[in-house]
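This note concerns the salt bridges of the structure shown below. Please read the points with the model at hand.

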Amino acid sequence: MIAFVVIAITVVMALFILVGAAWFAWDSDKRVKRFARSTDLVPGRPGRAPASWTTATSTEALLHRRIRYAIADVHANPAIPHYPDLVAARDRLDDAVFGLDDKLIAASDIADDEEKTARLSSAESAVVVLEELPKKLWEAPEDSQLADMEKVTSALERA
């Protein structure tokens, strides 16, 4: 009889864990797809790029999506909202991200291939710097996070 109770409890717990894992996977997939289909450049703030860039394969659209995912990773850092200086630095970074995205939008309208390539190359260099930021911010001291965000903001503004 005790064995039957232990087995029943084990089965119920296993089902509970399985249902929880399935719900977590479904919810995560739903949030990722919602963000991928949105026009948000920064989470919660729509960008000015054409909606077609969410699926386009042009260089500008690919760089735009790389910017979106990199800045989303910065916003996902749980330590930043606890420090007002870091929140202010992240807001300046968000503004620089919008500025870089505006440069991509402007570059998409340039007819001269050499100038367009040069601008896109500059933007890509800035995107690479932005993509490296989330791992630098993770579990770093506040002053280091602040310095890293300011460096990336400057790099994006120079692009």
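How many salt bridges does the count come to?

1. The count comes to ten salt bridges, a salt bridge being a side-chain nitrogen of Lys or Arg within 4 Å of a carboxyl oxygen of Asp or Glu. This is a predicted model, in which local features need pLDDT of at least 70, side-chain atom pairs count only at pLDDT 80 or more, and totals for chains, interfaces and linings use all residues. Residues are numbered from 1 along each chain as its sequence is written, and side-chain values use heavy atoms, with hydrogens and water left out.

2. Arginine 45 and aspartate 95 form a salt bridge whose closest N and O atoms are 3.9 Å apart. Arginine 45 belongs to strand S2 (residues 45-46) and aspartate 95 to helix H3 (residues 84-108), so distant parts of the chain, 50 residues apart, are linked (helices, H or I, at least four residues, and strands, E, at least two, are DSSP runs numbered from the N terminus). Arginine 45 is partly exposed, at a relative accessible area of 34% (buried is under 20%, exposed over 50%, partly exposed in between; 1.4 Å probe, protein chains only).

3. A salt bridge also joins arginine 66 to glutamate 124, at 3.4 Å from N to O. Because arginine 66 is in helix H2 (residues 59-75) and glutamate 124 in helix H4 (residues 113-137), the pair ties together parts 58 residues apart in sequence. Arginine 66 is partly exposed at 27%, as is glutamate 124 at 37%.

4. Glutamate 150 meets arginine 92 in a salt bridge of 2.3 Å, N to O. Glutamate 150 lies in helix H5 (residues 142-158) and arginine 92 in helix H3, so parts 58 residues apart in sequence are tied together.
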